[in-house]
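Take a moment to look over the chain before reading on. The paragraphs below go through a sheet and then through a boundary between domains.

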Amino acid sequence: MCGIVGYVGKREAYPILIKGLHRLEYRGYDSAGVAVVSSGGSLNVYKCRGKVCDLENYTKDKDVSGTVGIGHTRWATHGEPNDVNAHPHYSESKNIALIHNGIIENYAVLKDALIENGYTFQSCTDTEVLVQLIEYIKSTTGVSLFEAVQAALKRVVGAYAIAVIEKGNYDEIIAARKSSPLVVGVGDGEFFLASDATPIVEYTDKVVYINDGEMARINRHKPLKVVTLDNQEAEIGIEKLEMSISQLEKGGYPHFMLKEIHEQPRTIVDCIRGRVTPDGENVVLSGVLANKEKFLNARRIIFVACGTSWHAALIGEHLIEDMCRIPVEVEYASEFRYRNPVIYPDDVVIAVSQSGETADTLAAVEVAKQNGAFIFGICNVVGSSIARATDSGAYIHVGPEIGVASTKAFTGQVTVMAMVAMTLAKEKGIMSQDEFREVAKGLQALPSLVSQALKLDEQILDLSKMFTYAHNFIYLGRGYNYPAALEGALKLKEISYIHAEGYPAAEMKHGPIALIDSEMPVVVLATANNIYDKTVSNIQEIKARGGRIIAVVSENDTRVKDIADYCITVPAAPECLMPVVVSVPLQLLAYYIAVHKGRDVDQPRNLAKSVTVE
Ligand code: F6R
């Protein structure tokens, strides 16, 4: 969602804010703005519709001096993306400026009350209500800005990460969070503030994660102060940031997405490092082993996730049921949280989230917690809200994912799920050592298999040129390949804006086959497995109706090659790991089609990387 950045210290704030906004742009990119307290004490707000580079153009001839400031890149929730609705928002007197990520649910009531007290509003946002409320409290009670923010937040219902600065105050930013992340970077006589650590990493590796329901006084001359809304002093834990700047740059690739697709051999190495023993005899996933009784005695395992992570969870369901014979359910977090689900104290809930910040997944975790379930997290971002809210977990260790379309996180999630299933299967003693070793060796070989699949790059580039015309696509798969088909369709639609649907191949004849004509490209995942023959029959059914078949097949395939219009050949892996291998050509296909269509691949329209609102 929106990105927040702040700086207070001895340097000029503006260049730090702009650089930070560029780093955070993947979180939202419909408008951007900054507020800086100038050396003369005035509070200057500059904001406009568009991307951060538009903001830079807009501020070229403006006074952006000052050593304290806040910046924001927006993903609109209330009010269309335009100059006025962009953040920061001024208070009535223009003495206070505020940026916000989240949604103030009771903004309408608060707004009416403020209007009655003579306040006027410029924007359609919920955020402007909050800054006005802060000013109202401050001016009517004479309290400090910190106290006014605290009092205002007690009256707010909703989710927020905010940063507030005030005219004439060169030293201080007030920040607070509820259900939306905030991290403070601690430098030498200076502080940085951001929605995630990416804007901070080049200045300091010392960070403090603000917890839910806490607010911070960030004053360059004083130690960092963190309290709850009830003014209980919170413990400040300074953590070391494990991130490098090169991970945040494109490294010669035209887009982050392509870079991240090509990083997968290395990210899978990082994911399995120290977990699969070199002899392939064991998998050590400490977060599972330390809680093995919970898993082994679980009545059910329930995955909660959204989007791509939900697709990975569907593969997790196959893996765990297949290898461990534990019943598994997969839930959309957004549905689970609101439908009064049956959760038993002996259920294990696995929350899957790249960002670790997705609001619905976090809320689903809370629902499960209230019902006494044991919660395990599979996250990428270290120290993220979901990672911290769970009882235990396993990181996927794929490094920062900046492209809005998730790629390396998906393959990392599937890899971790395979290791979770193997760890449990071994503990349960229901998988023969030969079978176990075969999958473990498959995991060790995955990086090289993915490297081989990446060599398809040129073939897929050529193929993609033939399909830029398409308005619709169908993706089919069965078994482990079915969720991979769903994921392939999602990749295509989100970055190329071509309508695409994934189905289990055999479901076609129950309705969707009516869509097939000679214009319809159908991507079929037809790699060798125990239902290969059935998949071949499904391909025949499409072919008979004139569909244009792009098949992803195994190296030794003979039958599909004769039927399909185009074949993409991938190397063989154990069947349960094939979703990782087949995903690579599907990611590349979506990428190149989007590029040919001139789409903004890393920042597709209407999307944001981390969905921290409902
Ligand atoms: C698609 C994509 C989204 C995310 C979803 C969940 O490419 O990235 O569908 O998978 O928003 O995000 P996380 O995994 O961060 O919870």
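In this predicted model, eight strands form an open sheet with antiparallel pairing, in the order β3-β2-β4-β1-β10-β9-β11-β14. The edges are held by β3 (43-49) and β14 (239-240); each has a single partner strand, so one side of each is left without a neighbour in the sheet. Strands of a sheet pair through backbone hydrogen bonds, and the pairing can be parallel or antiparallel.

The protein as a whole is divided into domain 1 (3-247), domain 2 (250-454) and domain 3 (456-602). Turn now to the boundary between the second and the third. The C-alpha centres of domain 2 and domain 3 are 24 Å apart, and 40 residues of domain 2 are in contact with 30 residues of domain 3. Together the two domains bury about 3000 Å², with 70% of it on carbon and sulfur atoms. On the domain 2 side, the most area is lost to domain 3 by M257, H311 and A453, which together account for 18% of what that side buries.

What kinds of polar link cross this boundary? There are 15 residue pairs in polar contact between domain 2 and domain 3, while the count of salt bridges is zero. Several helices of domain 2 each supply at least two residues to the side that touches domain 3, namely α6 (256-262), α7 (264-272), α10 (307-324), α14 (408-428) and α15 (433-454). The residues of that side comprise 23 nonpolar, 14 polar and three charged.

Technical notes
Residues numbered from 1 in each chain as written. Predicted model: local features only at pLDDT ≥ 70, side-chain atom pairs only at ≥ 80, totals over all residues. Heavy atoms only, no water. Domains from an automatic or database assignment. Contact = heavy atoms within 4.5 Å. Buried area = accessible area lost by both parts, 1.4 Å probe. Salt bridge = Lys/Arg side-chain N within 4 Å of Asp/Glu carboxyl O. Polar contact = N/O pair within 3.5 Å; in protein donor to acceptor, adjacent residues only side chain to side chain. Helix = DSSP H or I, 4+ residues; strand = E, 2+ residues; numbered from the N terminus. Nonpolar A, V, L, I, M, F, W, Y, C, P; charged D, E, K, R; others polar. Pairing = 2+ DSSP bridges.
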